[in-house]
Amino acid sequence: MQMIRDYNWVLSVGTFLPMLGVLVLLVTPKANEAAIKTVALLTSIATVIVGVFTLLNFNFDQAGSMQFVAQTDWIPVIKSTYFIGLDGISLPLYLLSMVVTLLVVIYSLDHIPSPGNPKAFFVLMLILQTGMAGTFIAQDLILFFVFFELVLLPMYFMIGVWGGEQRQYASLKFFLYTMFGSALMLVAFLAIFFKTGAESFAIPYLVENGGGIAKNAQVWIFAGMFIGFAVKVPMFPFHTWLPDAHTQAPTQGSVILAAILLKLGTYGFVRIAIPTLPDAAVEWAPWIGGLAVIGIIYGAFGCLAQTDMKRLIAFSSVAHMGFVMLGISTLTSFGVNAAVFGMVAHGLITGMLFFIAGSVKERYHTLEIAKLGGMLTQVPRLGWILGLCSMASLGLPGLAGFWGEFPAILSAYNPADGLNVTVYRTYMVIAALGTVFAAAYLLWLYQRTAFGTPKNHDHHDLHDVNTYEWVAWLPLLVAIVAFGVAPNLLFSIIDPAVQETLRAFGG
Amino acid sequence: MTLLASSAAAWTAPVIDYHAIAPEIVLAVGLTVVLLVDLFTSERNKWLLSALTGFSLLGAALPVLTLALHEDSVRSLFDGRYVVDEFSLVMKGLFLLAGYVIVLLSSSHVEEGDYWRGEYWFLLLTSLLGMVMMASSRDLVSVFVALEFLSIPAYMLAAWRKRDPKSNEAGVKYFLLGVFASAVMLYGMSLLYGVANSTLLVDISKSIDLNGDFAAVQALAVVFVVVGFAFKVSAVPFHTWAPDTYEGAPTPVTAFLSVASKAAGFIALVVLLLTAFPEGRDVWQPFIWVLSALTMTIGNVFALRQSNLIRMIAYSSVSQGGFVLMPLAVAGGAAGEAALRAVVVYLVVYAATNLGMFGVILAVSRKTRSGDIASMGGLFSYAPALGVLLTIFLASLAGIPPLGGWIGKFAAFQALLTEATPWAYGLAVIGAVNSVIAFGYYGNVMREVWMRPVPHGDNSAIVTPSSLRIALGITALATLVFGILPGVVLHFGDMADLVGAFGG
């Protein structure tokens with residue numbers, strides 16, 4: 001794989017800039033809320049500026065190569081290095097994490113959830129940002145592991161301190177599930193390290209040499225990684241932490257969780273598990289595909305049964321991530337392209353839906369669907385935005401969601417060599433049915449909440465979308481439409497990197 | 001008479017390398033001075049004692065440093081019975097620094113209590129001297145003497161609050177089980193001497209090969225010695241003294257026992273396994289495997305059920321011991337060096353983290369006067385700095401990057417998996433599952449700190465004495481640096497060459 005080392009400081013700056021903000025926040029007095037908000041805002045703006053600089057200097061003609069590569073000693077004794085880089089798969093996710101954090105900070109300027117304490121809230125959010133960005137650029141398994149774990153504690157506290165009624169249960173469940181996965185993942189990382197001759201933890205090195213491991217061992221190592229990543233995605237049957245975590249998390253936590261954290265899992269499959277263990281990937285793929293379509297149908301049925309709007313959106317994540325995993329499980333560049341597009345699209349759309357849910361809760365003091373209704377007459381702009389996002393989420397052509405979902409289904413028609421075509425075509429049919437259910441639950445949600453006559457006659461807190469919300473939401477809405485109309489903006493970056501990643505499977 | 005005369009004539013005074021034993025000399029002088037000063041100072045000036053103790057420890061650390069920087073990295077005294085090598089220097093440094101932090105943790109506690117201060121510092125220094133000696137002992141006799149040297153003052157320290165029945169219980173339980181363990185070990189050692197006709201560990205390694213007429217006796221001797229140390233490091237099923245002793249002893253003493261005393265037990269075990277019994281590994285490897293799996297699991301399961309913070313820590317420290325044992329289950333063969341490194345790294349990181357946690361507990365209990373986990377409720381809301389520090393230490397103990405603990409766990413897993421056997425992988429999976437269970441109780445304390453209300457709504461501030469603050473600063477810094485730049489601590493592990501092991 002080709003490495004481009006120009007501007008090799010830029011990723012480190014982008015990743016660790018939020019930590020600088022954390023240090024400044026730590027010395028800012030707790031009582032001075034205005035200063036705290038300013039520091040958090042400036043830090044996240046500066047991070048996005050570094051992100052834009054990265055984008056402008058990205059060599060789009062070589063999107064398949066690692067760019068901005070930096071490599072230096074970190075833990076020489078265990079042959080782990082500080083090795084970072086970015087290609088066409090990482091770039092969209094890396095930038096998405098920066099932008100979403102900025103938007104969430106903007107939203108939080110006006111919406112600090114109870115029990116307050118913006119200082120701690122922003123500190124945790126910025127630590128989260130470093131962990132998320134770092135995961136997408138790490139090219140060394142140990143570095144990846146450290147960043148992957150770095151997000152755990154901040155999210156645990158974000159849910160546990162600022163969350164809803166059942167927050168303590170939900171946060172602990174989130175933590176234990178993810179930690180269980182990552183403990184086994186670490187054992188798998190060590191196993192692949194020793195099986196490739198204990199030479200290096202660098203991902204490119206393991207991609208070169210991982211294929212030489214005996215198939216039987218590969219299958220076991222893949223199992224460890226599978227549990228680590230599948231819990232994070234989350235795939236059926238490891239998904240049960242997700243509805244609880246989402247329902248109880250504060251709006252900001254839900255948005256970050258949906259938009260970025262879930263992608264750490266799918267990204268792990270695309271970047272690490274599949275390219276380093278190609279033989280095991282072929283063995284595992286039908287099972288992953290099977291769990292993915294179960295997730296699609298199960299998530300959809302789960303949605304139909306929900307009475308709480310936020311919980312419904314959470315279950316829809318299970319279904320959407322099912323499409324992403326189905327695309328990945330085909331092991332074709334077509335399918336993985338769709339999957340990476342699906343990750344970005346799901347991040348934008350579901351992030352947006354959780355923002356809306358937060359604002360509905362603030363206005364109506366409930367998220368119970370039966371008590372909502374008539375949003376279009378009471379808060380028309382919010383109602384229309386919900387409509388747009390529901391349509392995007394159900395995969396309406398012309399909006400971003402379509403380009404993750406439809407190609408993923410289509411890719412199952414023709415999976416990679418060595419995979420059973422009949423099985424995958426069955427998956428395709430089931431997944432296609434899933435889109436019908438998706439339309440059903442989302443339209444039904446929209447019908448019950450936005451249409452009809454208002455059931456809420458307490459107009460005290462009812463106000464339409466305010467400035468903070470517009471500023472936080474417009475970029476997401478614009479991106480949903482833009483990527484829907486011109487999907488090639490993304491596909492052209494993703495595709496070369498996917499081709500490179502799947503070299504072991506003949507493209 | 002003639003026999004005595006002839007042996008007297010044959011005896012020549014050994015050449016003593018005073019530089020090599022300078023740390024021990026400084027400590028011996030220090031503890032004598034503390035004892036004497038205690039006799040002649042009035043109550044008002046007793047603060048001098050803690051200062052003297054601290055200076056003795058730092059003073060003893062100086063020659064450790066000069067020895068480490070000196071080009072003769074290995075100094076062997078008394079025909080190899082007392083060896084100052086890099087391994088022993090790293091461990092001596094650890095004991096002295098941990099001892100210094102314990103002095104900082106203890107000083108306000110000791111001065112505010114109405115018990116005898118001079119004796120406290122004297123016993124602490126004596127026990128630390130035993131540990132420093134243990135790091136260099138390479139002979140059954142010197143190992144045993146060092147062990148008793150470090151244990152007996154510790155029994156008395158555990159019972160230091162003599163008008164408190166719980167403290168008495170702590171001391172008696174610790175004493176009885178400790179003496180029992182010593183007896184079992186001594187029996188094993190006598191068998192070893194019978195088989196090998198030498199007390200020198202390097203000589204014993206030549207005789208213990210599990211072959212010949214005495215194979216069964218050899219195996220029995222190895223098992224007895226390992227069981228003796230299993231008591232010291234509170235490995236399951238020899239752990240039953242730990243919770244009661246930890247709960248009853250004064251909190252700084254608990255910190256001392258769970259960090260320094262335990263580390264001393266582990267290094268003695270490692271030295272014996274790697275230098276005296278490398279060829280006996282067919283006996284002790286499966287034994288350690290079972291001990292490690294049991295220790296991790298049982299320690300964790302019991303820790304989950306505790307409502308008293310110190311008891312929870314006691315079980316958690318039992319469970320952490322299982323992780324230290326983990327790499328030893330494959331040590332002896334090619335994985336020996338990795339296992340040694342993992343043990344050293346784990347002990348160093350664990351010392352920093354655990355002492356820090358005790359520091360926070362001491363600070364908070366000055367206000368709450370309670371040992372319940374619930375007494376930590378809402379700590380973050382009224383003492384954010386202590387709350388964050390406690391979170392850092394707990395997360396480090398749980399092994400969450402980027403805090404120190406993860407590199408200890410990582411090194412243990414790494415050493416274990418250098419032997420790619422199903423047994424190694426099996427233990428690794430047990431370890432992985434246990435590290436998740438452990439979060440159950442560490443997370444429970446975090447939940448109190450961050451998410452629960454303050455008990456009785458008592459929001460009054462906590463006054464932290466400056467000595468405690470320094471201790472917290474040192475330990476927190478170490479925990480963070482070890483986690484973010486693990487090369488620092490792995491370097492210690494890497495240079496800790498144990499002379500006499502691995503055919504060296």
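How many residues of chain B are in contact with chain A?

## Where the two chains meet

In this predicted model, 25 residues of chain B are in contact with 27 residues of chain A. On the side of chain B that touches chain A, the elements giving two or more residues are helix H17 (405-417), helix H18 (422-451) and helix H20 (487-495) of chain B. H18(B) gives the most to this side, with 11 residues, and the residues of the side divide by type into 16 nonpolar, seven polar and two charged.

## A phenylalanine of chain A

A:Phe175 is part of helix H7 (residues 167-195) of chain A. Leaving aside residues up to four places away in sequence, A:Phe175 touches A:Leu152 and A:Tyr156, and also B:Phe439 and B:Gly443. A:Phe175 counts as buried because 26 other C-beta atoms lie within 10 Å, where 20 or more are needed.

Between A:Phe175 and A:Val478 there are 34 Å in space, C-alpha to C-alpha, and the two are 303 residues apart in sequence.

## A helix of chain B and its cover

Helix H3 of chain B, which runs over residues 47-69, has 23 residues, and from its first C-alpha to its last it reaches 34 Å, close to the 33 Å expected at 1.5 Å a residue.

Buried residues of H3(B) include B:Leu49, B:Leu52, B:Gly54, B:Leu57, B:Pro63 and B:Leu67. What covers the buried residues of this helix includes, from chain B, helix H2 (22-40), strand S2 (82-84), helix H4 (86-112) and helix H5 (117-136).

Definitions and conventions: Residues are numbered from 1 along each chain as its sequence is written. Chains are lettered from A and ligands numbered from 1 in the order in which they are written. This is a predicted model: local features need pLDDT of at least 70, side-chain atom pairs count only at pLDDT 80 or more; totals for chains, interfaces and linings use all residues. Helices (H or I, at least four residues) and strands (E, at least two) are DSSP runs, numbered from the N terminus. The expected span of a helix is 1.5 Å times one less than its number of residues. A residue is buried if 20 or more other C-beta atoms lie within 10 Å of its own, exposed if 12 or fewer, and partly exposed in between; C-beta atoms are placed from the backbone. Two residues are in contact if their C-beta atoms, placed from the backbone, lie within 7 Å. Ala, Val, Leu, Ile, Met, Phe, Trp, Tyr, Cys and Pro count as nonpolar, Asp, Glu, Lys and Arg as charged, and the others, Gly among them, as polar.
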